[in-house]
Amino acid sequence: MISVVTDFHSVFGLPDQGVRAVCTTRQAGSSQGAYQGLNLATHVGDDPRLVMQNRERLADQFDLPGEPLWLNQVHGAQILEVEENAVPENADTEADGAITAASNAVLAILTADCLPILLASCDGSRIAVVHAGWRGLLAGVIEAAVAGFQGAPLCAWIGPGIGPCHFEVGPEFKTLFPEPGLFVAKPGQRDCFDLPQAARRCLHRAAVKRVIQSERCTVCEVDTFYSYRKEGVTGRVASLLWRLRG
Ligand SMILES: [Zn+2]
């Protein structure tokens, strides 16, 4: 579902439930320099006029049914409940996820190495988006989002983020994430943390059985996505999820 609007449930081999998803790339946007491409974040130092142009391009290209509800992401575990007819002015709330049963509310997560996770109940009646980095995982952001579905069977898509090929971490990570199998040892270098695998395990522990990982690393593919670790000052791609009006 990279840069094309996808019937979310088809990714899991399920019938269309009217849930649509897109994950953008940095290709073809107005931003320049460190932000080169389709940067969709206003908080990273990019020219706000260019970000607005990029957001307009996003809305046009994917025929979005409304303005995305941009969150002020803080690596916490707060999930914003979005009501019917929520207006974008109500967004920019401090939260690392959003959940809704409303139709045409376009939920959005911005990332550059952290994982975007898209969730929907198998019947499509409720959807959520999550911003999941290592701090969010420790804070319980995935569990918080899943709890908002009150036990309904779910589908989860783990989008592009920093992979175990590139996420070098210090020894303190083994204390933070003590379970085996989350680290890749590299001779003479620091260990790498497998963030997508850690996220997948959170989902499984929260009884989410249908999980698909994009397997794409934002550092390996820095020309396609943005990487905060590799580039420092850089832009953000967006992962969007919405329900069509039934
Ligand atoms: Zn990589």
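How many nonpolar, polar and charged residues does the lining of the second largest pocket have?

1. Seven nonpolar, six polar and three charged residues make up that lining (Ala, Val, Leu, Ile, Met, Phe, Trp, Tyr, Cys and Pro count as nonpolar, Asp, Glu, Lys and Arg as charged, and the others, Gly among them, as polar). Gly163, Pro164, Pro196, Gln213 and Glu215 lie nearest the centre of the second largest pocket.

2. A word on the basis: this is a predicted model, where local features need pLDDT of at least 70, side-chain atom pairs count only at pLDDT 80 or more, and totals for chains, interfaces and linings use all residues. Residues are numbered from 1 along each chain as its sequence is written, and side-chain values use heavy atoms, with hydrogens and water left out.

3. Please look at the zinc ion, whose protein donors (N, O and S atoms within 2.8 Å of the metal, or 3.2 Å for Na, K and Ca; water is not among the atoms, so sites may look incomplete) are Cys165 (SG), His166 (ND1), Cys217 (SG) and Cys220 (SG), at 2.1 to 2.3 Å. Their spacing along the chain is C-H-x50-C-x2-C.

4. The four donor atoms subtend angles of 103 to 118°, so the arrangement is tetrahedral (for four donors, all angles between 85 and 135 degrees).

5. Both His166, at 34% relative accessibility, and Cys220, at 48%, are partly exposed (buried means under 20% relative accessible area, exposed over 50%, partly exposed in between, with a 1.4 Å probe and protein chains only).

Terms used: 1 Å grid on protein atoms, 1.4 Å probe; cavity = no way out; pocket = protein on both sides within 12 Å on 5 of 7 lines; lining within 4 Å. Tetrahedral: all angles 85-135°; square planar, octahedral: opposite > 155°, others 65-115°.
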